[in-house]
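The sequence and the structure are shown first, and the description follows.

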Amino acid sequence: MPNNLLSRFFANEKGNYAVIFALISLPLIGLSGVLADYGRAESLRSKLHSATDAAAIAVSQEVMGRRISASDSKQRAKEFLLANLGEQYADDLKLDLELPTPGDRTFRLKTSLRYRPTFGPLLVGIAGGNADRFDYIIE
């Protein structure tokens with residue numbers, strides 16, 4: 001009797017589509033969340049690059065025009081960056097400013113931003129992994 005019941009269970013094809021849909025929908029929902037995180041990270045990367053370019057041009061003009069001192073230039077660059085990015089990134093923004101020397105008139109501004117995704121850590125946490133260190137560094 002148990003063999004007959006088991007073979008009838010596996011032979012029955014009614015409702016297979018619902019089971020297959022349920023099994024496939026979970027990874028698809030997770031993948032769409034990860035793709036949303038990736039899209040936000042790329043959008044933020046583009047915004048950071050534009051803000052860095054604008055801050056570098058503005059601060060270099062102020063330093064070369066002697067409107068601000070070299071010691072104030074890093075703070076001024078951070079103000080320009082946050083004005084373009086938004087104040088919510090103040091704690092996650094790091095910048096390195098290299099002012100021109102008398103022999104070299106090159107002005108360098110390097111920025112990085114820590115981006116904390118939403119769905120990636122959630123999926124890692126559900127899977128039992130460590131989601132505490134799930135940040136991207138955007139440079």
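Predicted model: local features only at pLDDT ≥ 70, side-chain atom pairs only at ≥ 80, totals over all residues.

## The largest pocket

The largest pocket holds about 180 Å³ of space.

Residues lining the largest pocket are Val 63, Met 64, Arg 66, Ile 68, Ser 69, Ala 70, Leu 99, Pro 100, Thr 101, Asp 104 and Arg 105.

## Overall arrangement

The chain contains four helices and three strands. Along the sequence these elements follow the pattern α-α-α-β-β-α-β.

The chain has 139 residues, of which 27% count as buried. Among contacts between residues at least 6 apart in sequence, 48% join residues at least 24 apart.

Strand E1 spans residues 93-98, and its side chains alternate between two faces.

Strand E2 covers residues 108-115 and runs antiparallel to E1, to which it is joined by six bridges. Within this pairing, Leu 93 has Leu 113 of E2 as its bridge partner.

## The largest nonpolar core

The largest nonpolar core has 21 residues, and those that touch the most other members are Val 59, Leu 81, Leu 85, Leu 93, Phe 107, Leu 109 and Leu 113. Two or more residues of this core are given by each of helix H2 (16-64), helix H3 (73-85), E1 and E2. The largest share, eight residues, comes from H2.

Which residues does Val 59 contact, leaving aside its neighbours within four places in sequence? Val 59 is in contact with Ile 68, Ser 73, Arg 76, Ala 77, Phe 80 and Phe 107. Phe 107 is itself listed with Val 59 among the core residues that touch the most other members.

## Tyr 89 in its loop

Tyr 89 lies in the loop between H3 and E1. Is Tyr 89 buried or exposed? Its relative accessible area is 18%, and because buried means under 20%, Tyr 89 counts as buried.

Not counting residues up to four places away in sequence, Tyr 89 touches Leu 44, Leu 82 and Leu 113. Of these, Leu 113 is also the bridge partner of Leu 93. Tyr 89 and Arg 114 are 25 residues apart along the chain, and 8.4 Å separates their C-alpha atoms.

Note on methods. Residues numbered from 1 in each chain as written. Heavy atoms only, no water. 1 Å grid on protein atoms, 1.4 Å probe; cavity = no way out; pocket = protein on both sides within 12 Å on 5 of 7 lines; lining within 4 Å. Points joined across faces, edges and corners; volume = space filled by probe spheres on them. Buried < 20%, exposed > 50% of the residue type's maximum accessible area, 1.4 Å probe, protein only. Pairing = 2+ DSSP bridges. Core = buried A, V, L, I, M, F, W, Y, C linked by side-chain atoms within 4.5 Å. Contact = heavy atoms within 4.5 Å.
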